[in-house]
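Here's a quick tour for anyone meeting this structure for the first time. Take a look at it, then read on.

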2 protein chains.
Amino acid sequence: MSEFLVLVTASDARELLGRFPAVGAERVALEEADDRVAAVDIAAPEDLPAWPRATMDGYAVRARDTHGASEAVPAFLTLRGAVPMGDVWTGGALAPGDAVSIATGGVVPEGCDAVVMLEYVQAAGADIEVRRSVATGENLMRPGDDVRHGEIVVRAGRRLRPQEAGVLAALGVDAVEVHRRPRAGVLATGNEIVAPSAAPRPGQVRDVNSMALAAQLRRAGADVILGGIVADDAAALAEAAAGLLERSDLLLLSGGSSVGARDLTVEALERLGAEIVFHGISVRPGKPTILARLGDKPILGMPGVPVSAMVIFEVFVRPLVWRLGGEPAREPWPARRRARMRRRTPSVAGREDYLRVRFVDTDGGWVEPVLGGSAALGTLVRADGLVVVPAESEGVAEGDEVEVMLNG
Amino acid sequence: MSEFLVLVTASDARELLGRFPAVGAERVALEEADDRVAAVDIAAPEDLPAWPRATMDGYAVRARDTHGASEAVPAFLTLRGAVPMGDVWTGGALAPGDAVSIATGGVVPEGCDAVVMLEYVQAAGADIEVRRSVATGENLMRPGDDVRHGEIVVRAGRRLRPQEAGVLAALGVDAVEVHRRPRAGVLATGNEIVAPSAAPRPGQVRDVNSMALAAQLRRAGADVILGGIVADDAAALAEAAAGLLERSDLLLLSGGSSVGARDLTVEALERLGAEIVFHGISVRPGKPTILARLGDKPILGMPGVPVSAMVIFEVFVRPLVWRLGGEPAREPWPARRRARMRRRTPSVAGREDYLRVRFVDTDGGWVEPVLGGSAALGTLVRADGLVVVPAESEGVAEGDEVEVMLNG
């Protein structure tokens, strides 16, 4: 088995995980497109706004009719009526000296090129007094001022946010081409593993990893296919894995934590015909992580210890899920917070360490490592986030500034 | 209408929005509980681990039998067999000088109180040579060392993360009491508003706010009931609002942007019998925001301008949705990043301003405001986040350090 014992650095692992291609695309209604990833550039099919629109309540005028107007010397204009909301001005051609009342969002009539705000106008019957001059284009948007016809409003690879949904709605784009949600199979192995609803006999433990990894996968944008629990048998594991892989884009195997269980995973991967890319990452926790590939599909042998599996997911697998989902270059840790470390924490040079930390004051200025080894699940529940100790570092000194990558 | 024109400060608005109670609870299966909010404290129904477990591959021993053992002077112990995974040792009582092979996760047999790691042991038939002494408790977890029976593992008000799902699975908790997802009604009003799929006639615009607010609401953890578009008629609006309120826990009215449209919202709220809490917040964008209440249910008159509506949602409505959903004290901006402001941006003292900004360099060190007023939807799409200019500040100077609250 030793020819497969290829321990890679954390940065090599990231590079190798970055080689898998994105899944295919599908067309979905705009209502369902939030948080999906655009598969193609989306260009504006028309100008926004489509017509010149007032951006204030007031009066549409010709700017030059207001030149020189002031409190002391107002300009007198003739009020010809009001622009109806939801329609255009139909009161006939406007001449110099004419004004039309208009509400925010109203279509500025032809012949007008500015809007005077309500508060600078005194209305008196058919006449209005304008007490401030406006420049051409003031308080209105011209067609295309917001988004121009043909402009790319959403780039391929962008995960759609509510504002993208809003702009696309404004432009009349009611369906979009997005990547499929990647489908992830999850398979637990181990003679000692029972379902969470079962009452374990002495020596048995409940399946934690399927539950936790499924939640992490869904949060990363994947659909999850749970394969259940397979006994420690390479042939059975290979068969179950093959069945899941047929229906999924990536597969997480959550094996036992013993050396024997890891050997079994490797044997099952060989039976499957998968190529082992690496076997072990120089990282803590989570060193016994395996990456294999079958065609274009990644298979991860996750560490059996639940804390290690969850940390490895956040650090290495989540970016992989994003990549499969069409987001090649997403910032891996959107929610970060600067803090100072309360306790000196040594680390081994050459290994990337992830410390579980919690905030120790209410204003979030200081963190401390959560005590308890990676065997203790409670450490993750008590933690607010992770602090990375880079491979080239020998640890964090007391008082060092650190960046906390927040959980959840 | 002027008696309702109560403009409040941003901090008063937050205080008033903080007075609404959380919605009720329901019981859901653990598989569906991720991202839901615990309605009660959840205590551990048993110890974790339930039995003493090895945390390393090796040999279970009595620690005192290894005292003084070293490379030069190993301790000789009698190998009595192996602990089967998923079961307990059934090989009979262990005497002083006995050892049992054990894998990570295995149950440490009675009579043993430590585990010697594999690499410090040389096996030779029925004898093993132990080359390092171990202390009592080394390389094992005692029952309750991870989570103790009766310990609160999840506090009421905590939004469940994958690690909470993991610990609860480990403890055999397969269903949890969580708050319902708040139900939010969304109603658009305006004679000029048409559905996104419609082809607007000149002067009409597509309904942006329903689409954007629905996406924001769902991301905040709410279920959305879309009420469609109502014409500018107070009686019709009040009736549609009443119908939606019967089925929802909060209601967002997305009115027009003109003064007339806002008056209409107030009139409809009066017909509904709602109490107007405030009419206007000293904030930009989004000043014309109305808060009313009908019994325990909040009704928000959102600004008609889509950019203003979306910013008001992030700043004021999202924390309200979290509160209704059972999370009273959540950090409003989990994803933040420090940067420096490239361009001086003045603000009015007494008003809380939200600047849409974008990163201008690849390492995210500098931001600049996105140009274009709140009428331009494109500004939100081009923005990476918001920077708050507090009420007491008169703006941001060039080079000032700012905290960017990331979108999406």
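Let's start with how chain A folds back on itself: among its contacts between residues at least 6 apart in sequence, 71% join residues at least 24 apart. Here two residues are in contact if their C-beta atoms, placed from the backbone, lie within 7 Å.

A word on the ground rules. This is a predicted model, where local features need pLDDT of at least 70, side-chain atom pairs count only at pLDDT 80 or more, and totals for chains, interfaces and linings use all residues. Residues are numbered from 1 along each chain as its sequence is written, while chains are lettered from A and ligands numbered from 1 in the order in which they are written. The pLDDT, the predictor's confidence in each residue from 0 to 100, averages 93 for chain A, with 98% of the residues at 70 or above. The model also scores ipTM 0.93 and pTM 0.94.

Chain A holds seven helices and 29 strands; these are DSSP runs (helices H or I, at least four residues; strands E, at least two), numbered from the N terminus. The C-alpha trace spans about 90 × 50 × 40 Å along its principal axes.

An automatic or database assignment sets the domain bounds, and they go like this:

| Domain of chain A | Residues |
|---|---|
| domain 1 | 2–24 + 180–324 |
| domain 2 | 25–49 + 145–179 |
| domain 3 | 53–141 |
| domain 4 | 336–406 |

The centres of domain 1 and domain 4 of chain A, taken over C-alpha atoms, are 26 Å apart. Where these two touch, 15 residues come from domain 1 of chain A and 12 residues from domain 4 of chain A. On the domain 1 side, α6(A) gives the most, with seven residues.

Now for the partner chain: 68 residues of chain A are in contact with 68 residues of chain B. On chain A's side, α2(A) gives the most, with eight residues.

How many of the nine residues of α2 (residues 162–170) of chain B are buried? Nine of the nine are, so this helix is largely enclosed by the rest of the structure. (Buried means 20 or more other C-beta atoms within 10 Å of the residue's own, exposed means 12 or fewer, and partly exposed is in between, with C-beta atoms placed from the backbone.) What covers the buried residues of α2(B) includes α3 (209–219) and α6 (306–324) of chain A, as well as β13 (175–179) of chain B. After α2(B) comes B:Gly172, with a positive phi near 80 degrees.
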